[in-house]
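Biologist: Could we go through this structure together? I would like to start with the charged pairs and then turn to the core.

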Amino acid sequence: MTVPPPHQPAMRVPAFFVTQRITMMVNRYEVRAVQPDGSEGQLLALAEQKRMKLKEEVVFYADESKGRRVFSFKARQRLDVSAEHDVFDEQGRPLGTFSKAFGASLLRSTWHLEAPGLSARGQERRPALAVVLRVWTALPVVGDVPVPFVFHFDFVDTATGTPVLVSERQKSVRDRYTVTVPDPRLDFRVAAAMAVALDALQSR
């Protein structure tokens with residue numbers, strides 16, 4: 001993957017929540033700040049994933065009015081499980097890329113994430129649970145039932161092995177994640193795009 005040089009300093013948000021809300025026509029995700037006491041804070045972005053698109057695209061809006069598009073990600077290829085996805089800012093300028101490593105993901109979901117000055121690899125934290133998840137989604141009786149297991153993803157710098165991004169699924173009826181970004185080089189918009197993709201594209 002090639003990532004263009006940054007056009008502006010990285011937008012820094014060290015931690016946030018992602019919560020999925022399912023509607024009839026779209027999957028909707030709320031990205032919210034983390035309060036000092038650990039509770040949910042203000043809405044940082046509202047994402048919508050339209051279903052049945054040939055090229056996957058998720059748009060993030062400033063608020064529920066959807067009057068301002070603040071960033072997005074879009075697949076380069078059509079209906080490809082290992083497609084590269086580009087993250088764009090409000091003006092359509094590239095911020096980073098990510099893709100799923102199809103071969104490595106057969107047993108344990110693996111993602112590649114690129115941003116200016118940064119290359120990271122993310123995997124499901126517990127290999128045994130990754131296998132259970134694949135069996136669950138493959139069974140015709142329960143494959144469409146929401147996964148009842150709690151799973152997490154850890155992204156590390158491919159050069160140094162230091163943590164870059166961590167997404168931890170919470171025990172709740174809806175899909176809800178706590179996302180931490182220990183690496184200051186990772187722009188919030190790229191981190192939020194990757195965190196939403198881990199839910200929206202995980203079964204692809």
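Predicted model: local features only at pLDDT ≥ 70, side-chain atom pairs only at ≥ 80, totals over all residues.

Biologist: Is Asp-154 buried, exposed or partly exposed?

Modeller: Residues are numbered from 1 along each chain as its sequence is written, and side-chain values use heavy atoms, without hydrogens and water. Buried means under 20% relative accessible area and exposed over 50%, with partly exposed in between (1.4 Å probe, protein chains only). Asp-154 has 24% relative accessibility, so this residue counts as partly exposed.

Biologist: Which side chain does Asp-154 meet in a salt bridge?

Modeller: A salt bridge here is a side-chain nitrogen of Lys or Arg within 4 Å of a carboxyl oxygen of Asp or Glu. For Asp-154, the N to O distance is 2.8 Å, and the partner is Arg-125.

Biologist: Is Glu-30, which meets Arg-21 in a salt bridge, buried or exposed?

Modeller: The N to O distance in that pair is 2.7 Å. Arg-21 is partly exposed at 29% relative accessibility. Glu-30, at 7% relative accessibility, counts as buried.

Biologist: How many residues does the largest nonpolar core have?

Modeller: A nonpolar core is a set of buried Ala, Val, Leu, Ile, Met, Phe, Trp, Tyr and Cys residues joined through side-chain atoms within 4.5 Å. Among the residues with the most contacts inside the largest one are Phe-16, Phe-60 and Leu-186. The number of residues in this core is 41.
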